[in-house]
Amino acid sequence: MTDLRATVRLQFHRDFTLDDAVPLIPYFAALGISHVYASPLLASNPGSLHGYDTIDCQRIDPERGGEAGLEQLVAALRKHDMGLILDIVPNHMGIGPHNRWWEDVLAHGAASRYASFFDIDWQSTDPSLHGKILLPFLGAPLDDVLNDGAISLHYLPRSGGFMLHYGEHRFPISPDDTRRIFDTAGIDVPPYALHEWLESGAGAAALARVGAVFAPRTAIGRGHLADLLERQHYHLAFWRVAGDRINWRRFFDVTTLAALRVEDETVFEASHALIFDLYRDGLIDGVRADHVDGLARPAEYCRRLHERLTALHAEQADSSRPAPYIFVEKILAENEKLPDCWPVTGTTGYEFLEQAALVLHDPAGELPLTAFWERFGPSTYDTVQRRARLEKLQSSFYGDFHTLAARIFNVADRHVPGKDFTLHAISEALEAICLAFPVYRSYFADKAETNDLTPSENALSFAIADARRHLPVYRRDLLGWLQSLLHAERDQHVKDEAWRDVIERFEHLTAPLTAKAGEDTAFYRYNRLLSRNDVGTDPAYFAASTERFHEKNIARLQTHPLSLLSTATHDHKRGEDVRARLMVLSEPETDWLTTAEHWFAHNAGYRQRVAEGLAPTRADEVFIYQTLIGAWPHDPADLETLPERLSAYFEKAFREAAQHTSWSQPNEPYEAACQSFVTSLLEGDFRPILEAFVERIGPAATLNSLSQTLLRLTSPGVPDLYQGAELWDESLVDPDNRRPVDFPRRQALLGASKDFTALCAEWRSGAVKQRLIREVLNYRRDHDVLFREGRYTPVSATGGLADHLIAFRRDLGQTSVLVLAIRRPHVLNPDSSLRVQHHDWRLTRLAIPGRWQSLLDNQLADFSQDLAYFADRIPIDILVPA
């Protein structure tokens with residue numbers, strides 16, 4: 001069985017099933033892929049297009065092809081010596097009538113056998129929620145909903161119980177209330193065989209009587225419904241109160257996704273039983289654990305997962321089967337590393353997306369772009385993010401935050417009563433810490449499994465120091481005690497369940513707060529240069545040196561040589577080639593700032609006056625222009641669907657930004673004005689101006705794309721290809737990046753016989769990118785050990801174009817490969833065939849001897865003197881000794 005070399009991420013759903021993937025396997029094999037990396041396949045809510053809303057952990061989703069479809073896909077993979085990595089979702093489940101665990105909890109409350117499966121605060125300080133679960137799914141306050149007759153009672157023969165209907169929602173009635181409902185209707189029911197009786201004629205009449213007594217359109221019926229609701233183990237509420245009152249942990253602030261307590265071994269085994277069966281039966285070769293930072297104790301989870309999969313691997317009769325692969329979705333800050341105590345193969349590769357992006361931006365553009373942007377918004381990303389965090393603490397996470405503050409107050413009251421720390425003071429200090437926390441989370445709750453807490457201590461110290469600068473003097477004495485509490489300097493805290501509750505709640509707060517305030521809010525507000533705003537990136541940084549790029553690669557080779565390398569994912573804000581085109585704007589030579597000023601003037605008449613002023617605002621206008629530049633299709637045929645795609649995208653982007661409109665309070669006049677503005681741009685005399693600009697930067701953008709691709713294919717790690725991105729990836733944020741892929745076109749292009757130089761001249765088709773991927777991945781297939789274990793050596797350059805090159809070699813024994821990529825290409829004036837005919841190639845030297853042969857077109861190069869080799873060809877190559 002093959003080792004892991006390269007993955008292709010496929011998004012499975014009802015319109016692209018496991019069966020649909022089977023005929024594509026020969027294509028992926030020819031491309032050089034070793035493993036399909038599948039989106040979640042466990043049963044999810046009907047119609048789900050992503051699979052992260054699991055409703056049943058113990059079966060494969062029938063809409064995606066079921067177990068038979070999985071077996072068929074794996075059989076096809078094995079025929080081509082390929083494997084399967086499965087995305088799993090340990091952090092949360094989708095809730096609703098299809099999730100029997102959740103429904104059992106609603107029906108039986110804390111007495112349910114599954115009550116401990118979900119992170120529910122049964123002892124809420126809110127008296128109305130004591131022993132109950134808040135269900136904030138109503139479109140108005142409960143009294144209004146009842147008065148409108150929108151809630152009705154129904155009997156469900158399949159479950160043998162009653163259920164409340166509210167629109168598309170279904171809520172089970174406690175079994176203890178079944179007989180009481182009949183009593184309220186004045187019906188005597190037999191003491192035994194109730195369900196059989198209900199199926200008889202007498203039962204039908206009884207149910208009709210119940211329906212009349214509980215009729216939602218009558219005052220008496222509404223009164224009975226209100227009494228019935230009061231007795232349930234849940235409390236129905238207006239959806240707007242979720243952030244303030246929620247008493248169970250969600251995925252971020254998504255009220256349809258309930259967090260699982262996989263730190264409980266029973267929950268771990270129940271939610272992973274099928275995963276382990278799939279591995280034992282040889283249907284999967286490893287897993288990708290979604291949102292590992294959402295778990296209470298990630299290190300413990302990774303250990304358990306590793307131990308169980310490794311034990312199953314040891315039982316296998318096939319000794320050639322590679323050890324299980326375990327990848328974790330983890331967003332790392334610029335100077336953060338994956339904890340070395342986690343027994344995992346690596347991450348899903350967001351940090352490589354950032355690494356490649358930074359090296360391909362021109363640092364010379366930072367100051368002018370910042371000066372331009374600060375006319376419309378805060379000049380620093382940190383300012384934007386801090387404001388967004390404060391807003392989220394006061395809205396989406398208000399309840400979580402104040403529950404945590406109250407728990408800290410209770411600990412303080414017991415352990416340091418003489419200090420007189422008030423709840424108000426604790427709340428202010430805690431808020432200041434949360435606003436400054438520099439990474440997603442600390443790992444103090446995982447202390448027993450973590451051999452080095454220094455990174456967590458450093459992160460907390462940074463936040464404490466920042467809080468000290470922002471808090472008034474009379475609040476600062478509290479910070480020292482909070483710091484010791486949050487990383488358990490005192491032994492008594494470690495043994496105290498109240499401490500564990502506090503630290504877990506703190507770590508469950510900082511991660512979603514960072515994500516929602518950052519990638520889901522600030523990324524849509526800070527529009528300095530949108531190619532720097534994507535999952536895994538930090539827009540506060542603009543560019544990085546080639547030396548920094550090499551340092552990151554060397555570190556990965558030493559610690560996680562099989563970590564995934566991604567530049568496009570199902571979660572990205574904009575496709576890898578959209579970002580590559582926008583990277584060109586970082587080069588001052590594009591005259592982007594002058595161009596933007598001209599566009600402001602040219603399109604001034606398209607803006608409309610609304611209550612807030614002119615719409616779109618200048619900040620949103622900058623966002624619109626960059627989006628159009630980045631996403632403008634290479635293929636004219638794709639222009640037909642562009643207006644519809646952009647309309648959906650801008651609605652989401654502006655609502656996520658939540659500055660002039662939002663999901664909770666849509667500002668229809670502002671949104672309509674923005675959509676009208678975009679329509680005018682697409683249909684008026686601005687369109688040829690836009691197309692001319694995109695055409696002018698096209699060759700440079702293409703070289704950025706090819707450099708990014710080559711770096712991903714050859715750097716230490718395992719390159720991951722997002723579905724369809726072997727051609728130009730012009731997608732925007734989900735669901736746009738999950739549109740159907742035209743695989744027949746890709747298969748046809750792969751079979752074309754044109755050479756690499758010809759494909760460079762026809763770069764708009766994307767076939768040149770596909771050819772680059774095929775050639776490198778097939779070379780990797782034949783030299784797998786070189787890329788797994790080979791040395792990584794930066795190659796220095798000197799002379800005129802030295803700063804435009806990213807060069808390194810991989811060596812193992814007598815086998816070597818040389819990688820050469822270009823950066824900041826626009827100033828070099830590439831032509832329509834992607835050639836950079838620049839005299840300074842002859843003044844540029846590489847510190848590498850000998851003759852080399854290109855894997856792309858078999859041309860020979862002698863680098864002993866200069867780089868004249870590139871004087872009349874594309875300045876991107878991968879070569880082997882001649």
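Modeller: Let's start with Ala-242, which is buried because its relative accessible area is 5%, and buried means under 20%. Keep in mind throughout that this is a predicted model. Ala-242 belongs to helix α10, which covers residues 242-245. What does Ala-242 touch, once residues up to four places away in sequence are set aside? Its contacts are Pro-136, Arg-250 and Thr-255. Thr-255 sits 13 residues from Ala-242 along the chain, and their C-alpha atoms are separated by 7.7 Å.

Ala-802 is in the loop between β22 (797-799) and β23 (805-812). Its relative accessibility is 16%, so Ala-802 counts as buried too. Leaving out residues up to four places away in sequence, Ala-802 touches Ala-797 and Thr-844. With Thr-844 the sequence gap is 42 residues, while the C-alpha atoms are 6.1 Å apart.

Now for a charged residue in a loop. Glu-730 lies between β20 (718-722) and α29 (743-750). Glu-730 is buried but makes no salt bridge. The nearest side chain of opposite charge belongs to Arg-581, at 4.6 Å, and a salt bridge needs a nitrogen within 4 Å of a carboxyl oxygen. What Glu-730 does touch, beyond four places in sequence, includes Val-578, Ala-631, Trp-632 and Pro-633. His-634, Asp-638 and Arg-645 are also among its contacts.

Arg-9 and Asp-87 form a salt bridge, with the closest N and O atoms 3.0 Å apart. Arg-9 is part of strand β1 and Asp-87 part of strand β5, so this pair ties together parts that are 78 residues apart in sequence. Arg-9 and Asp-87 are both buried.

β1 (residues 7-10) pairs with β2 in the parallel sense, over four bridges, and Arg-9 stands opposite Tyr-37 of β2. β2 is also joined by four bridges to β5 (residues 83-88), again running parallel. There, Tyr-37 stands opposite Ile-85. Is β2 (residues 35-38) covered or uncovered on its two faces? Both faces are covered: His-35 and Tyr-37 on one side, Val-36 and Ala-38 on the other, are all buried.

There's also an antiparallel sheet to look at. It is open, with three strands in the order β8-β9-β10. On average, and ignoring direction, neighbouring strands here are turned by 35 degrees against each other. β9 (residues 161-166) pairs with β10 through four antiparallel bridges, and His-165 is found opposite Arg-170 of β10.

On to the helices. α17 runs over residues 423-436; at 1.5 Å a residue its 14 residues should span 20 Å, and because its end C-alpha atoms are 20 Å apart, the two agree. Ten of those 14 residues are buried, so α17 is largely enclosed by the rest of the structure. Among the buried ones are Ala-425, Ile-426, Leu-430, Ile-433, Cys-434 and Leu-435. What covers them includes α15 (381-393), α16 (398-415), α18 (454-470), α19 (477-486) and α21.

α21 itself (residues 497-517) passes the length check as well: 21 residues at 1.5 Å each should span 30 Å, and the end C-alpha atoms are 30 Å apart. α21 is mostly covered, with 16 of its 21 residues buried.

Back to charges for the last stop. The salt bridges come to 70 in the count. One network of them links Glu-265, Arg-297, Glu-300, Arg-304, Arg-500 and Glu-504. Elsewhere, Arg-261 and Glu-263 meet in a salt bridge at 3.6 Å, N to O. Arg-261 counts as partly exposed at 23% relative accessibility, whereas Glu-263, at 11%, counts as buried. Another pair is Arg-764 and Glu-695, at 2.4 Å from N to O. That pair links distant parts of the chain, 69 residues apart: Arg-764 is in the loop between α30 (756-761) and α31 (767-782), and Glu-695 is in helix α28 (residues 687-714). Arg-764 is partly exposed at 33% relative accessibility, and Glu-695 is partly exposed with a relative accessible area of 45%.

Key:
Residues numbered from 1 in each chain as written. Predicted model: local features only at pLDDT ≥ 70, side-chain atom pairs only at ≥ 80, totals over all residues. Heavy atoms only, no water. Expected span 1.5 Å × (residues − 1). Buried < 20%, exposed > 50% of the residue type's maximum accessible area, 1.4 Å probe, protein only. Lys, Arg positive; Asp, Glu negative; His and termini not counted. Contact = heavy atoms within 4.5 Å. Pairing = 2+ DSSP bridges. Axes fitted to C-alpha atoms, helices over the stretch in contact; angles between N-to-C directions.
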